[in-house]
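This report describes selected side-chain arrangements in a predicted model.

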Amino acid sequence: MVIQSKHFLNTASSLVVDSLRGLCVTNPHLALDAANRVVYLANQDRTKVALLCGGGSGHEPSHSGFVAAVCGSVFASPSSSQVRRAVDLVNNDEGTVIIVKNYTGDVLNFGLAKEQFSAIHPERSDRVKFVIVGDDVAVGRAQGKIVGRRGLAGVCLVYKIAGALAARGGSLDEVYAVAEYVSSLLGTIGVGLEHCHVGHRRVSPVPPLNELIPSLIKMITDTTDPDRSFVPFKNDGTDRVVLLVNNLGGLSELELGAIVGETKSALDKQGITGSFMTSLNMPGFSITLLLLPKRYQHNAIPVDLILSLLDDPTNAPGWKWSSKMEPRGVCEKSSLTSSPASPPTSRQFSLKAPDVAQFNAAIRRACEALLAAEGEITDMDKIAGDGDCGLTLSAGASGVLEALNQGTVTGEDVNMGGTSGALYSIFFSSLAQALAHSSATTVTLEVWSTALKTALAQLYTYTRARPPSRTLIDPLTAFVDTLPAGLEGAVGAVQDAAEKTRDIEAKAGRSAYIEGERLKEKRVPDPGAWGVKVIIEALAK
């Protein structure tokens, strides 16, 4: 993702933190851990359940406007170390509910942080709950059967309702239950003018609102198509809904007013409008419907409770409420005094490489190869993803090289966010564990092969992608499966698997949300798979 010169900023790398500082200036009840890009309440009531959300930046006011929040780079999930710091910052007597949108990077990094917190604090492992919200109705069950429904603006309703219940003093189980319940009754469809697209379809010419809006509502409420029927609407005149009309960032208030008016003519609803989850300056909007339970429905959250929680006052800046306090300086935690989320390990391992210098040189070659391939991988990802894969891999490679150059390799994660960062971190952490449990004293091909199989099996517990999936899993699995027969053949298998992603239907990863015909036309390999190929080729030289 390239930030164009038409934007006002200091530097692209500082934009996220600069924006968070501005948010805290105008909302003095907020505090900022700038090093980890975490926004949280400066004076948290630790007798009440805390909510934690987050994801890639560029969707403001999500996620920083619904504190506490962990913010990644633009369109890239935050790293697990950022999330771990946030969990520590909001730690309280009652527990924490983590709410994330269903994007692979967010699920992996927030999930990894939760697991790490539970491992460090086993006595509090049941005090952190995890909610994944997927409300998109554009991608049907068949196409999204592995990755599931994307999380869109509907998650903001989950934030508000669950957050209000927590503020009232609801228990951890009660807040978790209402978040899960609301997320199960959400449907969202988006439309934009540039990338665009009604949901997952291109439409030309752009239809008038009085034709467009009814078709959007039908995509959410229609139950005749089993592939896209996600919410149990009756469509018999008895359905009651909460409507959220969301500006994707580039619409004028004039246009948004017309959209709201047209939607009102198609629905009787409790309406909420404004910018809740944007996509930088995309000229478009989304419609979210929250189906309210019937009053006689068994085991349902009462309608009156849901509506009253929506109406409860809040000082969360993302919920269109302005602080009446005088702006002042940012309440900011110094990164120099921030305690680490978890202590570094001091355990010493006896397993050694046959030639440490040669081993380090191979790692260095792989990192330098990734840096050299950044542009190529970025170009691929602009077509097959979000455009950030090359930068993410480059950030990881730079972190490893810095540690090698300084002689500070400790086993701690480098600063590499996004889906790739989480997948690599989980894989290499599992690989390290497997090697640590080896009875050998010197690493051999057999030792590597056994440990790699163990690491891959552990990675599989965090992702449903299996080859052929058009993801980095394809060449990684090919390497692990063929390495026992020799390194040369394994490298060839990796190259073959990466090349084949050009013609594989995307089943997981960001490419699963890209139009299949466009991928077939361009025949670009999967950027993540290509990154694995670059690494393995460099290691084997």
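## Charges over aromatic rings

R466 places its charged end over the ring of Y460, at 3.7 Å from the ring centre.

## Aromatic pairs

The model contains four aromatic pairs. In one of them, F359 and W448, the ring centres are 6.3 Å apart and the planes meet at 10°, so the pair is stacked. This pair links distant parts of the chain, 89 residues apart: F359 belongs to helix α9 (residues 356–372) and W448 to helix α13 (residues 445–460). F359 is partly exposed, with 36% relative accessibility, and W448 is likewise partly exposed, at 26%.

The rings of F427 and F428 have centres 5.6 Å apart and planes at 70°; the pair is therefore edge-to-face. F427 is buried at 5% relative accessibility, whereas F428 is partly exposed at 46%. Together with Y424, F427 and F428 form one aromatic cluster.

## Helix α12

Helix α12 comprises 19 residues (418–436) and spans 27 Å from its first C-alpha to its last, close to the 27 Å expected. Of its 19 residues, 14 are buried, and the helix is thus mostly covered.

## Nonpolar cores

The largest nonpolar core has 64 residues, of which I99, F285, I287 and L290 touch the most other members. Helix α4 (residues 155–167) supplies the largest share of this core, ten residues. Apart from it lies another core of 51 residues, including L401, A455, V480 and I536.

Beyond its neighbours within four places in sequence, F285 is in contact with residues including I189, L212, N246 and I259.

Terms used: Residues numbered from 1 in each chain as written. Predicted model: local features only at pLDDT ≥ 70, side-chain atom pairs only at ≥ 80, totals over all residues. Heavy atoms only, no water. Helix = DSSP H or I, 4+ residues; strand = E, 2+ residues; numbered from the N terminus. Expected span 1.5 Å × (residues − 1). Buried < 20%, exposed > 50% of the residue type's maximum accessible area, 1.4 Å probe, protein only. Core = buried A, V, L, I, M, F, W, Y, C linked by side-chain atoms within 4.5 Å. Contact = heavy atoms within 4.5 Å. Phe/Tyr/Trp six-rings, centres within 6.5 Å; stacked < 30°, edge-to-face > 60°. Lys NZ or Arg CZ within 6 Å of the ring centre and 35° of its normal.
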